[in-house]
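Let's take a walk through this model together, from single residues out to the whole chain. Keep the viewer open as you read.

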Amino acid sequence: MLYFVVFFPVVAALLVPLMKSERAKGLWAVIATGATLCAMLCTAFGSFGSSWTIPLLHLHFAVDGFRAIYGTVVCFMWFVSALLSPQYFHGHHNLGRYYFFFLLGLSSTAGVFLSAELYTTFLFFEMMSLGSYVWVVQEETPGAMDAGKTYLTIAVLGGLVTLMGLFILQHLTGTLVIAELRQACAAVENRSALWAAAICVFFGFAAKAGAFPLHIWLPKAHPVAPAPASALLSGVLTKAGIFGVLLITASLLPGERSWGVLVLILGAVTMVLGAVIAVFSNNLKYILACSSLSQIGFIMTGIAMICLLGEENALAANGTVLYMMNHSLVKLTLFLFAGVVYCNTHALDLNDIRGFGRGKPLLHGLFLCGACSLAGIPGFCGYLSKTLVHESIVEYIHLTGSAAITAVEWLFLFSGGLTAAYLTKIYVAVFWQKGCCSGKKWGTPLSVLALTLAGVTLPVIGLLPHRLAEKLTGLTLDFTGGHPFHHTVHYFAWVNLKGVVISLAIGMAVYFLFIRKVLMKDGRYLDRWPAWLNLEQSVYKPFFSVLIKLLGVVSRFFCDLTDLLVLLVRHLILQESAEKVNRHRFGALTRRLARSTPEAPEVIADRVNTVGDTLSRMSNSLSFALLMTCLGLCIVLIVVICTVF
């Protein structure tokens with residue numbers, strides 16, 4: 001069944017080109033992803049704790065708590081996205097290409113989360129990165145192609161740096177098996193080299209997660225990709241990056257305070273930056289993309305707390321995994337909601353989609369499931385995860401009394417308030433303001449089912465914290481390096497509700513005093529984000545432009561220096577030989593040909609010289625040498641065959 005989960009989507013993808021109709025391709029995607037989900041559930045329940053190896057391919061897979069849970073999340077999200085795809089892509093171009101890479105993406109992403117060795121992880125991680133590039137450029141608009149270049153650049157650069165880190169890690173520990181890494185890394189004496197390996201591996205995974213300062217692809221790629229693909233880019237592919245960050249924290253550098261501080265700083269910056277940009281944005285999918293950036297920061301803050309708290313990291317370990325699950329399911333709900341809006345209005349700007357949700361109670365309720373969970377409202381999964389991570393920060397403050405960690409706590413609450421503010425901005429624009437109206441029907445039965453499956457999971461988990469949420473996260477503690485709870489967590493006690501109340505108060509203040517007063521005029525939303533405040537345009541592109549020119553100057557200098565040395569050697573050491581003068585105007589071959597043809601000797605001489613020069617160039621080329629080598633090998637092979645048989 002595990003092999004079915006990983007390899008059946010590849011077979012299903014190969015069958016997509018054989019299907020001619022749009023309906024058949026969409027239905028096949030639903031069937032294939034549904035079958036994969038069923039196989040994953042059978043694997044999770046029937047083969048829990050098992051591992052498998054494919055010797056010839058050197059691929060290792062395992063099904064433990066974290067892998068079983070996130071493998072199921074991956075397959076569930078692909079199935080739900082496939083349900084919406086027929087409505088979203090109705091009449092769309094290049095459907096065969098999209099569904100082909102859609103199914104390949106399921107195979108590679110499942111391979112990442114089920115991998116038991118970093119070689120296997122890296123192989124499927126790169127397949128996932130390169131295959132998902134097609135999702136980004138699917139629309140083939142100038143914006144999509146530009147976002148695709150940025151995405152591919154970050155993916156390739158991150159992959160190369162990660163590979164270098166894996167080489168160093170293999171050299172230091174002698175193994176890349178994930179279950180053996182913790183003990184092997186603890187025995188490494190050269191800690192500087194181990195840190196170098198960890199930083200290199202972290203670079204590639206953090207780039208995919210969208211962590212600052214490698215986040216530049218995320219706000220560009222999500223808005224231009226189709227909504228079903230955006231749900232997967234945000235909900236699953238970023239978690240593949242988090243998978244790597246968790247792995248480094250739990251297995252390579254467990255308990256290293258400096259590592260925890262580094263991850264905490266990057267997480268805090270990412271958390272605040274994404275939320276601030278989302279508040280200023282007016283495009284529905286762009287807001288959700290920047291929201292993903294911010295939520296990745298929240299998750300990285302939880303990972304940092306796992307490292308810093310050590311033996312007392314129960315709150316952080318359980319909260320971080322639950323936050324990952326919440327964000328995956330929330331972004332599945334909200335991006336599918338954005339897809340429904342776009343299918344009906346062909347617009348994403350809040351000014352153009354105002355009032356679309358009026359008179360649509362089911363859509364209204366499903367949106368609130370996603371929005372309330374993302375904002376951390378009690379009764380939803382997001383409240384549980386945000387409370388656990390926040391309380392882990394409070395616990396570390398009590399242990400250390402650090403003013404810097406207190407500042408991180410207030411950034412955490414402030415970013416939570418900004419989350420509530422930009423979600424309120426979307427909610428009011430779509431469901432309360434007057435504007436466009438496209439009737440009460442907003443989706444096909446399949447798309448309604450997709451949104452319902454995505455939305456209802458959030459309150460179900462949120463209302464069963466002890467019976468469901470904690471049991472799920474408890475299965476992942478071996479992978480995250482976490483510890484079980486020493487006492488019962490009273491989620492709805494005032495001490496835990498207080499953080500949510502503070503965040504919501506900040507959010508309402510930002511919405512009414514800043515968004516409505518500064519970012520709105522006459523009921524319309526204004527774009528007031530400074531154009532120059534763009535890391536890619538203002539820093540990265542100018543830097544690499546100067547770097548390329550500098551490298552060109554240096555390369556030209558060394559190239560000309562070599563020519564100068566050759567010229568000096570020629571004039572100072574070597575003696576010029578006299579040029580041989582041919583006594584005859586034409587060669588012997590030319591004279592013989594001239595006697596037998598009526599053409600002028602000059603014409604024949606020109607042809608002979610051309611042929612001779614061509615043959616000389618061919619015989620002196622590498623290609624000719626390779627050709628002769630191949631012919632020689634063929635002759636040797638024929639002689640051996642004749643001798644033996």
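In which helix does Arg67 lie? Arg67 belongs to helix H3, which covers residues 65-88.

## Before we start

This is a predicted model, in which local features need pLDDT of at least 70 and side-chain atom pairs count only at pLDDT 80 or more, while totals for chains, interfaces and linings use all residues. Residues are numbered from 1 along each chain as its sequence is written, and side-chain values use heavy atoms, with hydrogens and water left out.

Helices here are DSSP runs of H or I with at least four residues, strands are runs of E with at least two, and both are numbered from the N terminus. Arg67 has a relative accessible area of 4%, so it is buried. For that term the cut-off is under 20% relative accessible area, with exposed meaning over 50% and partly exposed in between, using a 1.4 Å probe and protein chains only.

The side chain of Arg67 makes a polar contact of 2.5 Å with the side chain of Asp64. Such a contact is a pair of N or O atoms within 3.5 Å; within protein, one must be able to donate a hydrogen and the other to accept it, and residues adjacent in sequence count only if both atoms are side-chain atoms. Not counting residues up to four places away in sequence, Arg67 touches Met40, Ala62, Phe113, Leu114, Ser115, Ala116, Ile178 and Phe479, where contact means heavy atoms within 4.5 Å. Ala144 is 77 residues from Arg67 along the chain, and their C-alpha atoms are separated by 33 Å.

A nonpolar core is a set of buried Ala, Val, Leu, Ile, Met, Phe, Trp, Tyr and Cys residues joined through side-chain atoms within 4.5 Å. The largest one has 195 residues, and Phe66, Trp78, Leu169, Ile242 and Phe337 have the most contacts inside it. Helix H13, residues 314-345, gives the most to this core, with 19 residues. Setting aside neighbours within four places in sequence, Phe337 is in contact with Leu284, Leu363, Phe367, Val430, Phe431 and Leu451.

Thr320 also has its place in helix H13. Is Thr320 buried or exposed? Its relative accessible area is 1%, so Thr320 is buried. The side chain of Thr320 reaches the backbone oxygen of Ala316 at 2.7 Å. Beyond residues up to four places away in sequence, Thr320 touches Ile299, Gly302, Ile303, Ile306 and Val389.

## Backbone features in the loops

Most residues other than glycine have a negative phi, and most peptide bonds are trans. Phe212 and Pro213 are joined by a cis peptide bond with omega of about 5°, and Pro213 lies in the loop between helix H8 (191-209) and helix H9 (217-224).

Glu140, in the loop between helix H5 (118-136) and helix H6 (142-173), has a positive phi near 60°. Glu140 counts as partly exposed because its relative accessibility is 41%. His346, in the loop between H13 and helix H14 (361-375), has a positive phi of about 55°. At 60% relative accessible area, His346 is exposed.

## Two more residues to look at

Cys42 is found in helix H2, residues 22-46, and is partly exposed at 42% relative accessible area. Cys42 and Leu2 are 40 residues apart in sequence, with 8.8 Å between their C-alpha atoms. Leaving aside neighbours within four places in sequence, Cys42 is in contact with Met1 and Ser47.

Tyr525 sits in strand E4, residues 524-525, and counts as buried at 4% relative accessibility. Tyr525 and Asn283 are 242 residues apart in sequence and 10.0 Å apart in space, C-alpha to C-alpha.

## The whole chain

Stepping back, the chain has 24 helices and four strands. Its C-alpha trace spans about 110 × 65 × 60 Å along the principal axes. Of the 645 residues in the chain, 52% are buried. Among contacts between residues at least 6 apart in sequence, 79% join residues at least 24 apart.
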